Amino acid sequence: MIELHYVATANGMKIAIALEEMGLDYEVVDYPLFEGRHLTPEFRRLNPNCKLPVIVDRAPQGGGEPIAVFETGAILLYLAEKTGQFLPAGGAARWEAIQWLIWQVAGHGPMNGQAHHFVRYAPDGQDYGVERYTREVIRLLNVLEYRLRDSAWVGGAEYTIADMAVWHWTWASVLLGVELSEFPAVERWAGIVASRPAVIRATTNKATEVVAGNTQRRAKLSAEQWSNMFGDKMHAAARPN
């Protein structure tokens, strides 16, 4: 059994999809997006960075105590290694998939995250931030378009954890006003991924589906919600005690 400490965001969805694709038994521990439960000392023992998602593998390979893993790239690699699925075993194909996974977690995800912050959450008047990060999202979609014109999948010849990492953040670009139809290879690939049975299960499972409150085009947060997401409470949780 895998414990999935989860919030219904694009980062959380990467792991829900992987668990469904790999046929692993898992239990969702839900953290509503704005409530701040990820800032508690109990959660910090799982992830010192106080971010979601996190998995706890209660039955790790080789036995022993449960293993907690945070950061989505690390989680996807862990699950692929555990199951022997969705990551080539060796050679150039393995590194092709890993490099695109790292591209996603190092650039594609963070730049999308910043764009969503400035477009959807930040106070009005943040024109530079909106333009800077929205343009970067579009640049990265062009990189993905270039890749998918020559490759059936993001990570190479086969569907891998790289595709799982990239897919939901790509879909979420529409919340920034980006038209995926301007990227035909990306749009084609995104549609194929969306039609996979495991992806359908992850996106329609009541425990993991992205809820409407997380997809508002322009979110309105209370002072407490802002503090939990971006402000004093979030920063206080990171301080050593």
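Modeller: A residue counts as buried when its relative accessible area is under 20%. Keep in mind that this is a predicted model. The part I pick is strand 1, residues 2–6. Strand 1 is mostly covered, with five of its five residues buried.

Now the directions of the side chains. In a regular strand, side chains alternate between the two faces of the sheet. In strand 1, Ile2, Leu4 and Tyr6 point one way. Glu3 and His5 point the other way. Both sets are buried.

Next, the neighbours. Strand 1 pairs with strand 2, residues 26–30, in the parallel sense, and the pairing runs over five bridges. Within strand 2, Glu27 is the bridge partner of Glu3. To get from strand 1 to strand 2, the chain passes through helix 1, residues 10–21. This β-α-β crossover is right-handed.

Strand 1 also pairs with strand 3, residues 54–57. Here the sense is antiparallel, over four bridges. Ile2 has Asp57 as its bridge partner in strand 3.

For context, consider another stretch of the chain. An unreviewed UniProt entry lists residues 90–221 as "domain: GST C-terminal". That span is 65% helix and 0% strand, and its end C-alpha atoms lie 46 Å apart. Glu136 sits in helix 5, residues 127–150. The relative accessible area of Glu136 is 14%, so this residue is buried.

Conventions. Residues are numbered from 1 along each chain as its sequence is written. This is a predicted model: local features need pLDDT of at least 70, side-chain atom pairs count only at pLDDT 80 or more; totals for chains, interfaces and linings use all residues. Side-chain values use heavy atoms; hydrogens and water are left out. UniProt positions are given in the numbering used here, feature names are shortened, and annotations may be inferred rather than shown by experiment. Helices (H or I, at least four residues) and strands (E, at least two) are DSSP runs, numbered from the N terminus. Buried means under 20% relative accessible area, exposed over 50%, partly exposed in between (1.4 Å probe, protein chains only). Two strands pair if DSSP finds at least two bridges between them. A crossover is right-handed if, with the strands pointing away from the viewer, the path from the first strand over the helix to the second runs clockwise.
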